[in-house]
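Subject: Two-chain model, handover and notes

Hello,

Please find the structure below, followed by notes on what was found in it. Read them with the coordinates open.

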Amino acid sequence: QKVSVEVLDHLEHLALVDFRDSEGVERLQKAIEFADQLHEVNTDGVEPMDSVLEDRCLYLREDDVTEGNCTKELLENAREKVEEYFVAPPGNIPLPKLEE
Amino acid sequence: LAPWIPVVGLEIHAQISSNSKLFSGSQVQFAAPPNSLVSFFDASLPGTLPVLNRRCVEAAVMTGLALNCSINKKSLFDRKHYFYADLPAGYQITQQRVPIAVNGSLSYSLCIDNKMSQMVTKTVRIKQIQLEQDSGKSLHDDTRCQTLVDLNRAGVGLMEVVMEPDMCCGEEAAAAVRELQLILQTLGSSQAVMAEGQLRVDANVSVHHPGEPYGVRTEVKNINSIRFLAKAVDYEIQRQIEELENGGTILNETRAFDSRLGCTVPMRDKEGKQDYRFMPEPNLPPLILYDAKSLPANINHQQVINIDWIHERLPDLPSVKREKLVEQYGILPEHSFTLLNEDGLAEFFESVVKQTQMKPKKVIGWILNDLLSYLKQHSLTVKESPVTSFLLADLLNLLEKKEISSTAAKRVFAELWKGEGKTPLEIVKEQKLELLQDQKELEQICQAVIDGQENE
């Protein structure tokens, strides 16, 4: 089962990955086949485990102010800034659609 | 023409009233220098992890209990992915699979025919309440074609309250949200001030003919007040009806309410159907809550949240407060609504009642007709009233003891409003408003008038 152009396009938009060339797409296809092996296991009546942390205790923090006030440090990472604001393009720039 | 049934559901985001954010220790505060209330986690720098704020969980449990929900003793956190400049991580941590509270209800009241005297009670089902992160704020600079991003709000705790489509018009939606707002403020779980973005409402609207399936729904956003909520919903219902009656179709889209024009317009930046790629939040184990029965024996109290403990400490909800006011003071139900609708008014009323011999049923008239209308005319809150409960009680005592007439009392009230520091008694003396009680004096005056008539 091949991965269609629409699915590839959709994936690239969602995850901002670039499958680039046919080799990349091949690799994606092989990865899907590899993961499909999971379907061979019978999981009827088994509660899905979605985290290895499921038996751990979720730590609860007290509602105290302990962080923040590091504007300068944070803005050091920004390529552009305006008066302590980060600067971004006016909206999401749409990715061009795949041609193939 | 066949009748239309409008269907309205609401998604309400209430900012949790807490000192620090949902998953980090940076401060929650409305106005602050840009990006000053931002931790490394909030800025999504690599290597940072979410740490859940206990207070936020308690706020959600309180709210769930107040809305008659079942509290899920085990709830889960998920990631909701989408790209936007004010969401630095590229995903929002929310509760999509198993939220903290489900299946509740909210009762609210409406006046029929705009008459305060006839109120009807309605109920809306609460589908669920979930904990989630707020995003940062984007300021659009169209002239320079850029967006300025402030992450102070990024990561603030939100409770999303989902109301089922049990409402049918703007008035119902507004009344339901108003009651929710009062409940949240009473609990203290959110200050719920819409003007400060602490309460945000999105409406889902559709119309259909009786007996037919529900129509395509649109989502209406950018509603900034309860008044605008009613307008936006009613406009959208009308728009959809007109569109369909003219043979058009309704698109499943997101529209923004334009308060200036009083209409809804399609929102440009929504790119078709979003695929949020929900996945479990890998850095957070399930959230486990306890009750009296399930409380483990040797526990660290700070690490455990007991639902029953919270339940026992819930304050009186607005509906209970209203009942108590009606029962205790013999006022009408609609009076109790007005008292609770104005911040501090119920306390003012009770304070006056304590300090005067006048019956509460008479006092309420002065509170709702005189005090409240003056406050509204001058756009003042109860706290800002130049007439204190002490002064009003003083005035009402003079009236009750028949030392002045009610007409005179109204004049004194107007004078008190000027806030010149005079007591009611001083004003009465100044303006000679005392009622004459002396029989002889009255006879003399009457005789003088009669004599004056005879001489003409």
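A:C57 is exposed, at a relative accessible area of 63% (exposed is over 50%, buried under 20% and partly exposed in between, with a 1.4 Å probe and protein chains only). A:C57 takes part in no disulfide, and the nearest cysteine sulfur, in B:C56, is 18 Å away (a disulfide being a pair of cysteine sulfur atoms within 2.5 Å). B:C111 is partly exposed, with a relative accessible area of 22%. B:C111 is likewise in no disulfide; its nearest cysteine sulfur is that of B:C169, at 12 Å. Over all chains, the structure holds zero disulfides.

**Conventions**

This is a predicted model, in which local features need pLDDT of at least 70 and side-chain atom pairs count only at pLDDT 80 or more, while totals for chains, interfaces and linings use all residues. Residues are numbered from 1 along each chain as its sequence is written, chains are lettered from A and ligands numbered from 1 in the order in which they are written, and side-chain values use heavy atoms, with hydrogens and water left out.

**Interface of chain A and chain B**

The size of an interface is often given as the accessible area lost when the parts come together. Here chain A and chain B bury about 3900 Å² between them, with 58% of it on carbon and sulfur atoms (buried area is the accessible area, 1.4 Å probe, that two parts lose on being put together, summed over both). In chain A, the residues that lose the most area to chain B are A:L58, A:L60 and A:R61, together 20% of what that side buries.

In terms of contact (heavy atoms within 4.5 Å), 40 residues of chain A meet 55 residues of chain B. The rule finds 23 residue pairs in polar contact across this interface, both residues at pLDDT 80 or more. A polar contact is a pair of N or O atoms within 3.5 Å; within protein, one must be able to donate a hydrogen and the other to accept it, and residues adjacent in sequence count only if both atoms are side-chain atoms.

On the side of chain A that touches chain B, α1 (5-15), β1 (60-61), α3 (71-75) and β3 (85-88) each supply at least two residues. Helices (H or I, at least four residues) and strands (E, at least two) are DSSP runs, numbered from the N terminus. The residues of that side divide into 18 nonpolar, 10 polar and 12 charged.

**Salt bridges**

Over all chains the count comes to 30 salt bridges. In chain A, one of them joins the side chains of A:E26 and A:K30 (3.2 Å, N to O). Both residues lie in helix α2 (residues 22-36) of chain A, four residues apart, about one turn of the helix. A:E26 is partly exposed, at 42% relative accessible area.

In chain B, the side chains of B:E219 and B:K221 meet at 3.4 Å, N to O, and B:E219 is buried at 18%. Another salt bridge is that of B:R255 with B:E236, whose closest N and O atoms are 3.5 Å apart. This pair links distant parts of the chain, 19 residues apart: B:R255 is in strand β14 (residues 254-258) and B:E236 in helix α3 (residues 226-245), both of chain B. B:R255 and B:E236 are both buried.

**Local sites**

B:S26 sits in the loop between β1 (5-15) and β2 (52-53) of chain B and is buried, at 0% relative accessibility. Its side chain makes a polar contact of 2.4 Å with the side chain of B:D42. Residues up to four places away in sequence aside, B:S26 touches residues of both chains, including A:E67, A:G68, B:N19 and B:D42.

A:L75, in helix α3 of chain A, is buried at 6% relative accessibility. Apart from neighbours within four places in sequence, A:L75 is in contact with A:K81, A:E84, A:Y85 and A:F86.

Regards

Definitions and conventions: Ala, Val, Leu, Ile, Met, Phe, Trp, Tyr, Cys and Pro count as nonpolar, Asp, Glu, Lys and Arg as charged, and the others, Gly among them, as polar. A salt bridge is a side-chain nitrogen of Lys or Arg within 4 Å of a carboxyl oxygen of Asp or Glu.
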